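Please keep the sequence and the coordinates at hand while reading.

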Amino acid sequence: MRAWIERKQALWTNVGLMVLRVGVSALMLTRGAPRLVNISEQAASTADPIGAGSELSWAFAVFAEFLCPLFVAAGLWTRLATLPLLLMMGVVFLVVHAGDPLLAREPSLLYFFAYAAVLFLGPGDYSVDALLKKRRGNGDSP
């Protein structure tokens with residue numbers, strides 16, 4: 001009976017990790033995808049919160065808010081893909097919306113904590129990372 005309970009716990013833990021990864025990344029894509037429309041106009045008008053230039057800031061925003069969520073959702077290079085997202089959300093919270101009330105800053109903080117959880121917990125068994133690990137011969141969860 002105990003083994004059955006442990007298997008069910010592992011199942012639900014992995015389902016929960018997948019729901020977290022896919023859900024938060026799908027929401028982040030709604031922020032990143034609009035940056036791909038009118039690219040030259042978007043790049044020129046992107047805020048430059050850390051002084052790197054608006055084009056470089058736009059390129060990092062596209063990478064962090066569009067490409068990285070695709071990797072996280074698929075569970076491919078998951079922990080690595082969360083790092084630009086964490087950096088981006090930290091800059092948004094601490095710099096871009098520094099003078100705003102907490103209610104305006106809250107979404108970036110929620111994204112930060114969700115991606116921090118993915119970083120610390122890993123992608124779980126229902127991910128490309130887990131499939132690659134099994135192919136290498138190590139069946140443990142990444």
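The model is predicted. The secondary structure of the chain consists of six helices and zero strands, so that the order of elements from the N terminus reads α-α-α-α-α-α.

**Chain as a whole**

- The C-alpha trace spans about 60 × 35 × 20 Å along its principal axes.
- The chain has 142 residues, and 35% of them count as buried.
- Its accessible surface comes to about 8500 Å², and carbon and sulfur atoms account for 69% of that area.
- Taking contacts between residues at least 6 apart in sequence, 62% join residues at least 24 apart.

**Helix H4**

- Helix H4 covers residues 78-96.
- Its 19 residues should span 27 Å at 1.5 Å a residue, and the end C-alpha atoms of H4 are 26 Å apart, which agrees.
- The buried residues of H4 include the run from Met-88 through Met-89, Gly-90, Val-91 and Val-92 to Phe-93.
- Thr-78, Ala-81, Thr-82, Pro-84, Leu-85 and Leu-86 are also among the buried residues of H4.

**Helix H5**

- Helix H5 runs over residues 102-121, and its 20 residues should span 28 Å at 1.5 Å a residue; the end C-alpha atoms are 27 Å apart, which agrees.
- H5 has a kink of about 30 degrees, centred on Ser-108.
- Ser-108 is itself one of the buried residues of H5, along with Arg-105, Tyr-111, Ala-114, Tyr-115, Ala-116, Val-118 and Leu-119.
- The cover over the buried residues of H5 includes helix H1 (2-32), helix H3 (54-74) and helix H4.
- Gly-122 follows H5 and has a positive phi, near 85 degrees.

**Glu-106, in H5**

- Glu-106 lies in helix H5.
- Glu-106 is partly exposed, because its relative accessible area of 36% falls between the 20% and 50% cut-offs.
- The C-alpha atom of Glu-106 is 7.9 Å from that of Phe-93, a residue 13 places away along the chain.
- Phe-93 is one of the buried residues of H4.

**Ser-57, in H3**

- Ser-57 has its place in helix H3.
- Ser-57 has a relative accessible area of 11%, which is under 20%, so Ser-57 counts as buried.
- Leaving aside residues up to four places away in sequence, Ser-57 touches Thr-46, Ala-47, Asp-48, Pro-49 and Ala-52.

**Trp-77, between H3 and H4**

- Trp-77 lies in the loop between H3 and H4.
- The relative accessible area of Trp-77 is 52%, which is over 50%, so Trp-77 counts as exposed.
- Phi of Trp-77 is positive, near 50 degrees, in a residue other than glycine.
- Most residues other than glycine have a negative phi.

Terms used:
Residues are numbered from 1 along each chain as its sequence is written. This is a predicted model: local features need pLDDT of at least 70, side-chain atom pairs count only at pLDDT 80 or more; totals for chains, interfaces and linings use all residues. Side-chain values use heavy atoms; hydrogens and water are left out. Helices (H or I, at least four residues) and strands (E, at least two) are DSSP runs, numbered from the N terminus. The expected span of a helix is 1.5 Å times one less than its number of residues. The bend at a residue is the angle between axes fitted to the seven residues ending there and the seven starting there. Buried means under 20% relative accessible area, exposed over 50%, partly exposed in between (1.4 Å probe, protein chains only). Contact means heavy atoms within 4.5 Å. Accessible areas come from the Shrake-Rupley method with a 1.4 Å probe; for residues, only the protein chains shown count as cover.
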